[in-house]
Amino acid sequence: MTDQNAISKFFQRDHGRLDELFNLFRKSKRANGYLARCLFQEFRACLYQHMKLEEELMFSMWERKVGRFERSEEHTSELQSRFGISYA
């Protein structure tokens with residue numbers, strides 16, 4: 001299996017996990033507010049981790065395939081402020 005296939009399979013599974021967490025949150029929010037808050041916090045943390053990995057892995061794959069990808073200063077600032085993602 002190539003690195004690209006392994007990464008693709010990982011993200012497919014992770015998308016499913018995120019969908020499941022979000023659906024559990026939606027189903028529980030009327031019946032159990034505490035559980036809903038806990039599920040949403042878990043979803044949010046997992047989504048943040050997923051997005052960070054996606055940024056790191058997908059951009060690096062893109063850069064290898066087409067050459068260096070330059071993020072504009074504006075784009076970088078927006079990602080940092082919205083998601084706490086840092087590009088050092």
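Predicted model: local features only at pLDDT ≥ 70, side-chain atom pairs only at ≥ 80, totals over all residues.

**Fold.** I read along the sequence and got the pattern α-α-α.

**Surface and burial.** I checked how much of the protein is tucked away: of its 88 residues, 22% count as buried. The accessible surface comes to about 7000 Å², and carbon and sulfur atoms hold 52% of that.

**Contacts along the chain.** I looked at contacts with a separation of 6 or more, and 52% of them join residues 24 or more positions apart.

**Core.** Which residues make up the largest nonpolar core? I listed seven: Leu18, Leu21, Phe25, Ala36, Leu39, Phe43 and Cys46. Both α1 (3–28) and α2 (33–66) supply at least two residues of this core. The largest share, four residues, comes from α2.

**Cysteines.** Is Cys46 buried or exposed? Its relative accessible area is 6%, so Cys46 is buried, given that buried means under 20%. Cys38 has a relative accessible area of 31%, so I put Cys38 down as partly exposed, a label for values between 20% and 50%.

Leaving aside neighbours within four places in sequence, Cys46 is in contact with Arg17, Leu18 and Leu21.

**Disulfides.** A disulfide is a covalent bond between the sulfur atoms of two cysteines. How many does the structure hold? I found zero disulfides.

Terms used: Residues numbered from 1 in each chain as written. Heavy atoms only, no water. Core = buried A, V, L, I, M, F, W, Y, C linked by side-chain atoms within 4.5 Å. Buried < 20%, exposed > 50% of the residue type's maximum accessible area, 1.4 Å probe, protein only. Contact = heavy atoms within 4.5 Å. Disulfide = S-S within 2.5 Å. Areas by Shrake-Rupley, 256 points an atom, 1.4 Å probe, with all protein chains shown as cover.
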